[in-house]
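Me: Hi! I've got a protein model open and I'd like to talk it through with you. Can we start with the pockets?

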Amino acid sequence: MKMTEENNAGEPRVTEEDVRLLIKRKGDIEEQIKAYHDMLQTAGVGMDAPLVDVEGFPRADVDLYKVRTARHNISCLQNDHKAIMVEIEEALHKLHATASVKPEKDVTKTEVTEPTASLPAPFALVDTVTQGSPAFQAGLRVGDEIIEFGSVNTQNFRNLHDVASVVQHSEGKSLRVGLLRSGQEVHLNLTPKQWSGRGLLGCNLVPLHR
């Protein structure tokens with residue numbers, strides 16, 4: 001019995017406040033990524049444009065140091081973003097586990113206020129959105145967690161080929177996209193179409209492993 005008590009005491013307890021703080025940190029990281037992306041867009045280089053001219057000389061029309069720093073910071077922040085997504089997922093699992101094994105209701109603390117209790121689990125994460133693209137115009141943002149993309153949802157999602165297939169068959173047609181943003185459920189209408197960039201959306205999704 002003593003061993004069990006020690007184990008229970010040693011297990012870190014996750015609270016709703018812990019989850020809220022993690023979600024706030026995620027939002028802060030997303031704001032920083034957006035600020036650096038905006039700076040690169042203003043400079044007219046983005047993440048991939050070459051920083052040398054056709055003759056191989058450093059471009060004189062851009063601040064190379066600022067651009068390289070912004071690109072490096074975006075890469076670091078995207079890694080931080082992926083790491084905090086894992087932290088949030090683990091914290092939510094622990095929070096739900098704690099709630100389900102409680103032997104009795106704590107009258108002084110209601111659990112109805114937990115914002116994520118009834119929300120579906122996301123199956124993909126938006127990790128890039130290109131300015132001016134159909135995804136950008138629809139209001140999609142880096143860090144959005146996808147729970148519905150046209151006919152693809154949490155229940156029937158197998159891999160990103162499912163989403164790609166829906167996009168290919170829906171060119172010029174409005175798709176309903178459901179997502180989680182800062183713990184809130186949001187719905188957008190996104191129309192896949194040809195634009196000045198690659199693909200029909202102008203965003204990139206990565207699968208979330210549950």
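Predicted model: local features only at pLDDT ≥ 70, side-chain atom pairs only at ≥ 80, totals over all residues.

Me: Which residues are closest to its centre?

Reply: Those are T128, V129, T130, G202 and C203, out of 39 residues that line the largest pocket.

Me: And which elements give two or more residues to that lining?

Reply: The helices α2 (16-43), α3 and α5 (160-168) do, along with the strands β1 (124-129) and β6 (203-207). Helix α2 gives the most, with seven residues.

Me: How does the lining split by class?

Reply: The lining of the largest pocket has 17 nonpolar, 13 polar and nine charged residues.

Me: Where does this pocket lie relative to the domains?

Reply: The largest pocket lies between domain 1 (16-99) and domain 2 (124-207), because both of them give residues to its lining.

Me: Nice. Switching topic: how many residues are in the largest nonpolar core?

Reply: That core has 36 residues, and the ones with the most contacts inside it are F123, L140, I146, F149 and V163. Helix α3 (residues 64-100) gives the most to this core, with six residues. The core also draws at least three residues from each of domain 1 (16-99) and domain 2 (124-207).

Me: What does I146 touch, apart from its neighbours in sequence?

Reply: Setting aside residues within four places in sequence, I146 is in contact with P122, F123, A124, V126, V177, G178, L179 and L205. There is also a second, separate core of eight residues, which includes L40, L51, V67 and A70.

Me: Now L190. Is that one buried or exposed?

Reply: L190 is buried, because its relative accessible area is 2%, which is under the 20% cut-off. L190 lies in strand β5 (residues 184-190). Beyond residues up to four places away in sequence, L190 touches P134, A135, A138, F149, K173, S174, L175, V177 and L201.

Me: How far apart are L190 and R176?

Reply: They are 14 residues apart in sequence and 6.5 Å apart in space, going from C-alpha to C-alpha.

Me: Last one: is E145 buried or exposed?

Reply: E145 is buried, with a relative accessible area of 13%. E145 is found in strand β2 (residues 145-149).

Notes
Residues numbered from 1 in each chain as written. Heavy atoms only, no water. Core = buried A, V, L, I, M, F, W, Y, C linked by side-chain atoms within 4.5 Å. Buried < 20%, exposed > 50% of the residue type's maximum accessible area, 1.4 Å probe, protein only. Helix = DSSP H or I, 4+ residues; strand = E, 2+ residues; numbered from the N terminus. Domains from an automatic or database assignment. Contact = heavy atoms within 4.5 Å. 1 Å grid on protein atoms, 1.4 Å probe; cavity = no way out; pocket = protein on both sides within 12 Å on 5 of 7 lines; lining within 4 Å. Nonpolar A, V, L, I, M, F, W, Y, C, P; charged D, E, K, R; others polar.
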